Amino acid sequence: MGILPFFFSVFLLLFLSTAAAPVGVCYGIVADNLPPASNAVKLLISNGISNIRLFNTDPDTLKPFSGTGIQLMIGVPNEVLPSLATGTVNTSLDWLQSNILAYVPSNQVRYIAVGNEVFLKDPFYTPYVLPSIVSLYQALQILGLADKIKLSSPHAASVLSSSSPPSTGTFDPYIRAVMIPYLQFLEDHELPFLLNVYPYISYINDKEHIPLEYALFGSGTKVQDGGLTYTNLFDASIDAFSWAMEREGFGGVTVVVAETGWPTAGGEAATPENALAYNGNVTSRALKSVGTPKRPGVGVEVYVFDLFDENLKSGDEYEKHFGIFGHDGAKAYDISFN
């Protein structure tokens, strides 16, 4: 190899290793007071947000994205999984064409999230997750899109039975029988592990052991795990999954954070200032490809929850207050996505 090609290869390697990880926003619509989706799309474009997660295939939400170039993660609702899993590949093909490709071009679909937090949290649908993914993958193959649209299923942090310190990361033995073949499919087809992670929830449920500053990327708390030092719960949570997959022989599967955020109201420590501290660090670290202690310099792709507050969300009051923007388009706090 000549000296110029050699230096070009080194430059390319360095460039690729430091390229910004994608940063997106989750767009939930469990509300009765949201602005029209067309207004939301204009808001995204004006703020340089080019990646969005949608939780279902609502046509009125999907249509305004067509032709914008915004890359989408589109959710398959849990209740749809049985029909996809037990039907033929034509069932999945028809579903894709009728529910997604009829409204947005394929080159805007980055991921299809098959179900959401099914294992442990919605266990009735657990047997249908992997068969649904396999059927959708075969349908994408027929369409020539299997290498362009990535399939996976977002999981809650609770699928780990151990996560602290991160090197003890272990999948819950109750779901191991379904998790292992799922991970095998991800590895075989170079698909990511989608993770929903909320240090805020971990903090309010275990304040005795989790300092607020550790959840908010403060500098005062350090957790030593062998030769690795952790200064925040976000990194520790991601690496716990990396360790858990490595323990099962799937260390090459990458983690994409499909959902994370911090509320601005409705609960202890739920303030705009704390939301900015958390979400601001999450986004800036992705854009700078900071990575985690276990995988330094490997940027973590992340989707921040939520575009707007959702006033019809069930559960604790804070669940309704993750919005980054008000309905008038004003930011709840001064965060940048680029």
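Modeller: Start with tyrosine 198: its relative accessibility is 12%, so this residue counts as buried. The term buried means under 20% relative accessible area, exposed over 50%, and partly exposed in between, with a 1.4 Å probe and protein chains only. This is a predicted model: local features need pLDDT of at least 70, side-chain atom pairs count only at pLDDT 80 or more, and totals for chains, interfaces and linings use all residues. Residues are numbered from 1 along each chain as its sequence is written, and side-chain values use heavy atoms, with hydrogens and water left out.

Biologist: Why is phenylalanine 322 called buried?

Modeller: Its relative accessible area is 2%. The limit is under 20%, so phenylalanine 322 is buried.

Biologist: What makes the pair of tyrosine 198 and phenylalanine 322 edge-to-face?

Modeller: Rings of Phe, Tyr and Trp (its six-membered ring) pair if their centres lie within 6.5 Å; planes under 30 degrees apart are stacked, over 60 edge-to-face, the rest tilted. Here the centres are 5.7 Å apart and the planes stand at 75°, so the pair is edge-to-face.

Biologist: Which aromatic cluster holds Tyr198 and Phe322?

Modeller: One whose members include Phe55, Trp262 and Tyr318. The whole structure has 21 aromatic pairs.
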